[in-house]
Amino acid sequence: MSSIDGRLLERNNVTTEDLYQGAFWIKMKAEQLLREGKNADFLYQSEYRIVSALTEMGDPASMILLGEMLQGGRTPEKDMVTAVRMAMDIWQKAGEKGQARGYTNIGLVYLHRSVPGGGNESGDVEYDPEKALEYFMKGYEKGDSKAGRHIGLCYRDGLGTEKNAEMAYHYFSLAADRKDSTARYLMAEALYNGFGTQQDRDAAKEIMKKLVEDKAHDADKAAEFLKNHYE
């Protein structure tokens, strides 16, 4: 990992936040190129250099990005067992510094689930739903917007805990309050089916319509849901 001279940044009126935003833009551009079937290695190399240096400086937001790059196989570290362990260590430090997404990402690795912004690799980490739920709880308590949704899914599917429809709906609604669009979709689905809550199909349809209007992450699923309902 290369270092950045803090004094040089100060002299040029550049902040670590400026560099992080640049790295995040590079990440988004790289993902766009991949969706278009183009090579994005040169962009990932630039992102890696920036977030590695910022991680050395102790920037917790950059730790999240660096962990995602490691776990997603987009760094010079090609041994994925080592890369995943490094990612989890970095996310742990990020969580301790207030970046709750780090805890949620660790939970996803323990469930052998895909990490948003990262990949599907779990290295040699054993499948452990109880450990996953423990980390989702940490993420939720520290304020991560997605953690509540994953807790709800654990209760829905009996992962690391007994199945409990009421608790599943409870956490879907809490995550929806934190503006997690997938949680809003899951909450609407539960309302429509009366899963863990009193059935209210009108409320469910309104949530689905809003997801479509907002062009949210789950807009296509919401549109398909409404189409099936009206048919």
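The largest cavity in this predicted model has a volume of about 40 Å³. A cavity here is a set of points on a 1 Å grid over the protein atoms alone where a 1.4 Å probe fits but cannot get out; grid points are joined across faces, edges and corners, and the volume is the space filled by probe spheres set on the points. Searching the whole structure turns up one cavity of 30 Å³ or more. Its lining, meaning residues with an atom within 4 Å of a point, consists of Leu-108, Leu-111, Arg-113, Phe-136, His-150, Leu-153, Cys-154 and Leu-159. Helix H8 (residues 147-157) supplies the largest share of this lining, three residues; helices are DSSP runs (H or I, at least four residues), numbered from the N terminus.

Two loop residues round out the picture. Gly-117 sits in the loop between helix H6 (101-110) and helix H7 (129-141). Because its relative accessibility is 24%, Gly-117 counts as partly exposed (between buried, under 20%, and exposed, over 50%, with a 1.4 Å probe and protein chains only). Leaving aside residues up to four places away in sequence, Gly-117 touches Lys-27, Glu-31, Glu-68 and Arg-74, where contact means heavy atoms within 4.5 Å. Glu-77 belongs to the loop between helix H4 (60-71) and helix H5 (80-96), and at 26% relative accessibility Glu-77 is likewise partly exposed.

Residues are numbered from 1 along each chain as its sequence is written, and side-chain values use heavy atoms, with hydrogens and water left out. As the model is predicted, local features need pLDDT of at least 70 and side-chain atom pairs count only at pLDDT 80 or more, while totals for chains, interfaces and linings use all residues.

Notes. 1 Å grid on protein atoms, 1.4 Å probe; cavity = no way out; pocket = protein on both sides within 12 Å on 5 of 7 lines; lining within 4 Å.
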